[in-house]
Amino acid sequence: MLGSDIEVVSLKDIGCTTDIPETGHTLEENAMQKAYYIRRNYGLSVFADDTGLEVDALGGAPGVYSARYAGGAGHDSEANMDKLLAELGDNDNRKARFRTVIAMILTGDGQAADTVMTFEGIVNGSIIRERRGGEGFGYDPVFCPDGYEKTFAELGNDIKNQISHRARAVKKLAGYLLER
C-alpha cells in the first residue's frame, strides 16, 4: 500500500525490544505514546497504531482496554471473548465497531518541526452470540462486519485485510504519504 518509495522497518529492525507502555485512556493517546517513544529514542519518522473493539450496549467497552479486557497482564483472547459474551448476555443490541488509530510522526529537517498526524479506520458490525471461524485473532470469531454473513475469523485474512479497520487507516496513511 505504501509503494516502493517508502521504506518500512520494524521495531526488530531498529533494535527496539522494549515493551512500549500503553497507558493512555484513548486509542489516540496510546498510538501517540508509542510513536513518540520511537521518535524520542530512535530519532526516526514513525507510525504506530492502537485498536479497540467498541460495543454500543456496553457504552463503548472494551475500547482502549480490548486486549486486556478480562484482566491480567497478557492478551487472553478466549477470556476476553468469554467476558464480552457474558456481559452482552441476551441483549439484542449487538452493534459494535472495530476502530484503529494510527499516529504518524515525520521528522522535521532542522528547519521545520515534526509533522504529527493521526489516521482512523472503522469497520462497523455486530457481535454474534457464539464463536465461529478459525482465522484471525482477538475478537475475530465473534465479530461480523456489516454486509457480511461471516465473522472476520470465517472470512479469512485475505478478505479481512482488505476491509478491516486497520486496512482503512493504513489506506489513509498511505494516501497522505504518497501525495507528499
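Which residue in β4 stands opposite K95? In this predicted model, the residue opposite K95 is S126 of β4. Residues are numbered from 1 along each chain as its sequence is written, and side-chain values use heavy atoms, with hydrogens and water left out. Because the model is predicted, local features need pLDDT of at least 70 and side-chain atom pairs count only at pLDDT 80 or more, while totals for chains, interfaces and linings use all residues.

The sheet comes first. Five strands form an open sheet in the order β2-β1-β3-β4-β5, with antiparallel pairing. Strands (E, at least two residues) and helices (H or I, at least four) are DSSP runs, numbered from the N terminus. Pairing requires at least two DSSP bridges between two strands. β2 (62-63) and β5 are the edge strands, and each pairs on one side only. Helix α5 (residues 165-179) packs on the sheet and touches β1, β3 and β4. The direction of α5 makes about 155° with that of β4. Such angles run from 0 to 180 degrees between N-to-C directions, with axes fitted to C-alpha atoms, for helices over the stretch in contact.

β4 pairs with β3 over 12 antiparallel bridges. Within this pairing, R99 has I122 of β4 as its bridge partner. β4 and β5 share three bridges, also in the antiparallel sense. Here G125 is bridged to P145 of β5.

The largest nonpolar core holds 19 residues. Such a core is a set of buried Ala, Val, Leu, Ile, Met, Phe, Trp, Tyr and Cys residues joined through side-chain atoms within 4.5 Å. Buried means under 20% relative accessible area (1.4 Å probe, protein chains only). L53, L84, I127, Y139, V142 and F143 touch the most other members. At least two residues each come from β1 (46-55), α2 (77-88), β3 (95-106), β4 (115-127), β5 (143-145) and α3 (152-155). α2 gives the largest share, four residues. Another core, of 14 residues, lies apart and includes C16, A48, V101 and A103.

Contacts (heavy atoms within 4.5 Å) were listed for L53 beyond four places in sequence. The partners of L53 include G60, P62, L84, F98, I127, Y139 and F143.

D140 lies in the loop between β4 and β5. D140 is buried, at a relative accessible area of 2%. A polar atom of the D140 side chain lies 3.1 Å from the backbone nitrogen of F137. Beyond four places in sequence, D140 contacts F98, E135, T151, F152, A153 and K160.

Methods
Buried means under 20% relative accessible area, exposed over 50%, partly exposed in between (1.4 Å probe, protein chains only). A polar contact is a pair of N or O atoms within 3.5 Å; within protein, one must be able to donate a hydrogen and the other to accept it, and residues adjacent in sequence count only if both atoms are side-chain atoms.
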